[in-house]
Amino acid sequence: MSLTKEALEDYFLSIGEKKYKAEQVLEWLYIHKEWDIANFTNLKKELRETLKKDFNTDFIKIKRKEEGSLVKKYLFELLDGNFIEAVLMEHDYGKSVCVSSEVGCNMGCKFCESGRLKKVRGLETYEMVEQILLIENDIKDKINSVVVMGIGEPFDNYDNVLNFVKIINYPKGLAIGSRHITISTCGLVPKIEEFSNFPLQVNLAVSLHAPNDAIRDKIMPINKVYNISKLMASLRKYLLKTNRRITIEYVMLNMVNDSLDCAYELAHLLKGMNVYVNLIPYNETNNLEFKKSTRIKEFKDALTSQGINVTVRKEFGDSISAACGQLRSKEV
Ligand code: SAH
């Protein structure tokens, strides 16, 4: 599950087999959800034996599941004993999964619970693919969209995350449309530039959370490396190259970044760009002192009055600590 179709074809060629076998194997894995190589009955027994020797087919495990209304949170145990979480959400338009990309996170955003455990390692591609597969299996239904917004900074694990995207997008496999896949970054500028060359039309979301460096420096350490002007320059280049609309995420923190002045400054910063702002009501956690803004509506109206497209993120999963920024990679 770490291999794209092309990589699996290369494997078959390398052992002197025809490359169309790759398609057959992917059909077993993703269409029939048959994960025991012994049952790949359209492959010769001898070839099945070779596959068993060459591949490890152990899966990550669902360790615990918590259910809220229209939301389920899954705690997964990885083969090395680490833990991560993913969240399933039911919308009117279908089911979406928020996947984790790393064990822990090094970005250190002050308001985020997930970052309290420092990065242990990036997830392997199969560990992301299996989050989707195990959830599909659990609910006996198909996932329509995927957001890489769980634990971790996806662009800090760039190659594995993009490999994952190619695998879940494969049309004869999980077939999750590229426009239904969103990657969210806190703003790793060189990777945003690299991502503008990625061939699939995947959505980009950027955690901006402040209209100026003074505020952003205080809440997001990454701003000391890539400040707002560097970040905005990379987004402008991305827009020119891809013509795809960017989502600007803005978490509403009481008395930190939610004044009307902030709204006007944000509108000015984004004016003329093909973006829309997604305001995220802050989910409070026991360990951090930030509070949810009480001025979301006023802030939204101020942005709208300046001609900025804006939506407020639907609140999901707070009751089971499955909401944005509440996922933990510690089994506690
Ligand atoms: N590292 C990536 C992916 C995480 S996405 C990124 O920063 O974009 C998770 C989103 O939820 C980010 O926008 C993050 O800033 C936001 N977030 C973190 N803690 C939150 C909280 N307690 N309430 C609401 N949103 C939060």
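The shell around the ligand takes at least two residues from each of three strands, β8 (181-185), β10 (246-252) and β11 (275-281). The model is a predicted one. In it, 20 residues surround the ligand, and Ser184, Ser207, His209, Tyr282 and Asn283 are the closest. By residue class, this shell holds ten nonpolar, eight polar and two charged residues.

Individual polar contacts can be picked out within the shell. Serine 184 places a polar side-chain atom 2.6 Å from an oxygen atom of the ligand. Histidine 209 also has a polar side-chain atom 2.6 Å from an oxygen atom of the ligand.

A separate feature to follow is the second largest pocket, with a volume of about 420 Å³. Its lining consists of 21 residues, and those nearest the pocket centre are Met1, Leu29, Phe55, Asn56 and Thr57. Three helices, α1 (5-14), α2 (20-31) and α4 (125-139), each supply at least two residues of this lining. The largest contribution is that of α2, which gives four residues.

In terms of domains, the pocket lining draws at least three residues from domain 1 (5-54) and at least three from domain 2 (61-331). The lining of the second largest pocket comprises 16 nonpolar, three polar and two charged residues.

Technical notes:
Residues are numbered from 1 along each chain as its sequence is written. This is a predicted model: local features need pLDDT of at least 70, side-chain atom pairs count only at pLDDT 80 or more; totals for chains, interfaces and linings use all residues. Side-chain values use heavy atoms; hydrogens and water are left out. On a 1 Å grid over the protein atoms alone, a cavity is a set of points where a 1.4 Å probe fits but cannot get out, and a pocket is an open set with protein on both sides within 12 Å along at least five of seven lines; lining residues have an atom within 4 Å of a point. Grid points are joined across faces, edges and corners, and a volume is the space filled by probe spheres set on the points. Ala, Val, Leu, Ile, Met, Phe, Trp, Tyr, Cys and Pro count as nonpolar, Asp, Glu, Lys and Arg as charged, and the others, Gly among them, as polar. Domain bounds come from an automatic or database domain assignment. A residue is near a molecule or strand if one of its heavy atoms lies within 4 Å of it. A polar contact is a pair of N or O atoms within 3.5 Å; within protein, one must be able to donate a hydrogen and the other to accept it, and residues adjacent in sequence count only if both atoms are side-chain atoms.
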